[in-house]
Amino acid sequence: MSGSGSGGGFGSGGTGGSFDCSTLAFETHINSPLPAEIAKLSVGDILHIDLSNMNGIQVVRVTYQGNVVGGLVDQNIRMKQCLEQGFSFNAIVRSISGAAVKVFVSAQG
């Protein structure tokens with residue numbers, strides 16, 4: 001499928017396969033960041049990862065204090081599978097440069 005439009009979509013990409021969700025950890029950038037929410041973040045903040053429906057598409061979103069910050073595309077399929085299985089994930093803010101927010105995502109113990 002080729003892309004169809006833009007604006008706020010955080011949902012595709014990643015790979016499938018058999019894996020252990022409790023060991024899933026990676027560094028990435030937040031996709032489709034919302035500037036007003038990014039402005040509230042500081043390095044070291046802990047963000048929450050969950051699943052949401054956006055225009056009928058299931059997406060992996062990043063929230064901070066209940067507000068959507070953006071989404072995750074890296075490891076998207078694995079993240080969706082793990083979240084659907086009941087695993088919880090957090091993202092720790094590693095760096096902020098304008099709208100570019102680097103985070104480290106890992107399963108909660």
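How many salt bridges does a search of the whole structure find? The search finds four salt bridges, and the structure shown is a predicted model. The legends below describe close-up views of these contacts.

**View 1. The salt bridge between K102 and E27.** The side chains of K102 and E27 meet in a salt bridge, with an N to O distance of 3.9 Å. This pair links distant parts of the chain, since K102 belongs to strand 6 (residues 100–107) and E27 to strand 1 (residues 25–29), 75 residues apart. K102 has a relative accessibility of 28% and counts as partly exposed. E27 is likewise classed as partly exposed, at 40% relative accessibility.

**View 2. The salt bridge between K40 and E37.** K40 and E37 form a salt bridge in which the closest N and O atoms are 3.2 Å apart. With 45% relative accessibility, K40 counts as partly exposed, whereas E37 is buried, its relative accessible area being 13%.

**View 3. The salt bridge between R61 and D50.** In the salt bridge of R61 with D50, the closest N and O atoms lie 2.7 Å apart. R61 is located in strand 3 (residues 57–64) and D50 in strand 2 (residues 46–54), so the pair ties together parts that are eleven residues apart in sequence. R61 is partly exposed, with a relative accessible area of 23%, while D50 counts as buried at 16% relative accessibility.

**View 4. The network of E27, R94 and K102.** Salt bridges that share partners join E27, R94 and K102 into one network.

Notes: Residues numbered from 1 in each chain as written. Predicted model: local features only at pLDDT ≥ 70, side-chain atom pairs only at ≥ 80, totals over all residues. Heavy atoms only, no water. Helix = DSSP H or I, 4+ residues; strand = E, 2+ residues; numbered from the N terminus. Buried < 20%, exposed > 50% of the residue type's maximum accessible area, 1.4 Å probe, protein only.
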